[in-house]
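This briefing covers overall size, surface patches and a few residue positions. Please keep the structure open while reading.

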Amino acid sequence: MNGGESAVRRNNRVAVVILNWNGARFLKEYLPSVVKHTPGEIADVIVADNGSTDESLAVLDRDFPQVKTIRFSENHGFAEGYNLAIAEVSKAYRYTVLLNSDVKVDDDWLTPLHRFMESHPGAGAVQPKLLSLTKPDEFEYAGAMGGFLDRNGYPYCRGRVFDTVEKDCGQYDTPMQVDWASGAALMVDNALYLWLGGLDKEFFAHMEEIDLCWRMRLAGREVWAVPDSHVYHLGGGSLPASNPRKTYLNFRNNLLMLYKNLPRRKRGRKLIWRRMLDTLAWLKFMAGLDFSNGNAVLKAHRDFARMRKHYAGCDAKSDMLAGRVNILTEYFARGHRKFSEIRQNPGK
């Protein structure tokens, strides 16, 4: 970290860490708001650079001398990049906010999160309300007002189900215990994070925060969404939704997550059923002549079959998906497009 250990003010409790890779344009546009609206009495803003080859480091040196930096020599991906950064900042900070580089804030967004963590010792992670940067009256796709999993492991959010994104009319303005909090703006307890091994680096990117939150909950800790804090997320800053690489990572990592976190007695049957559902997704891509995304689904299943041996020892003691709704049935068969319309018992 630039400035050495002596430069860190140990009375600060939160490290706001922005992981950057070739994101100079995002740093120029969004970092000023984070610096301006992050209260210095409880936090420091830190950029962890993932081996950028653009002008990111020059921008940081020239325009943001007050921002601390951690500099890696290569791109470790989202997951391992944050693992390395949090291992470093945990020497001086109790909490870390993993903040995407395409997030803008416009008021004291951090204090409500910090206050909630301090007053809820069972909480391992929290997220703010995520709003769309381009449509500020709507929730943002990546996490909205907190995330959930259905019985088959499909993620959805309070405020976003599949591609249906709700307007924010205050309908979810109560703190709620959730299944997962979005990695776009995720505050974690550093000690718990490191004890659990952090984000799974094998995921590289996508769904790694859902997996982490699942492991937190299996360990007896809680995950919350805190609406008193809000941020604006651009989304799609690294890969657009239609990118085959994103399709591949989402399908592969979802399978890995199920394999890791379901009880051994349940996961075989669940994964067979998921193979059938993913086959339908593959057929839809192929019928639409989208061969790149169709092939991405096939590759995801091939690589899952190869990678799952790394998790052979995993055997969760409880099935946290038991009794959940089938979000495919709710959305496509029953026409329930909003979270409030879906019958469920989420977050338990």
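The points below go from the whole chain to single residues.

The model is predicted: local features need pLDDT of at least 70, side-chain atom pairs count only at pLDDT 80 or more, and totals for chains, interfaces and linings use all residues. Residues are numbered from 1 along each chain as its sequence is written, and side-chain values use heavy atoms, with hydrogens and water left out.

**Overall**
- The protein has 10 helices and 13 strands (DSSP runs: H or I of at least four residues, E of at least two, numbered from the N terminus).
- Its radius of gyration is 20 Å, which agrees with the value near 20 Å for a compact globule of 348 residues (taken over C-alpha atoms; the rule is 2.2 Å times the number of residues to the power 0.38).
- Along the principal axes, the C-alpha atoms fill a box of roughly 55 × 40 × 40 Å.
- Of the 348 residues, 56% count as buried (under 20% relative accessible area; exposed is over 50%, partly exposed in between; 1.4 Å probe, protein chains only).

**Surface patches**
- Patches take residues with over 30% relative accessible area and no salt bridge, joining like charges within 9 Å and nonpolar side chains (Val, Leu, Ile, Met, Phe, Trp, Tyr) within 5 Å; a salt bridge is a side-chain nitrogen of Lys or Arg within 4 Å of a carboxyl oxygen of Asp or Glu.
- Glu41, Asp106, Asp107 and Asp108 make up a patch of negative charge.
- Asp106 lies in the loop between strand E5 (103-104) and helix H4 (110-119).
- A nonpolar patch consists of Ile272, Trp273 and Met276, with about 320 Å² of accessible area together (Shrake-Rupley method, 1.4 Å probe).
- Trp273 belongs to helix H8 (residues 264-287) and is partly exposed because its relative accessibility is 37%.

**Ala305**
- Ala305 sits in helix H9 (residues 291-307).
- Between Ala305 and Asn20 there are 31 Å, C-alpha to C-alpha, and they are 285 residues apart in sequence.

Notes. Lys and Arg count as positive and Asp and Glu as negative; His and the chain ends are not counted. The place of a charge is taken as NZ of Lys, CZ of Arg, CG of Asp or CD of Glu.
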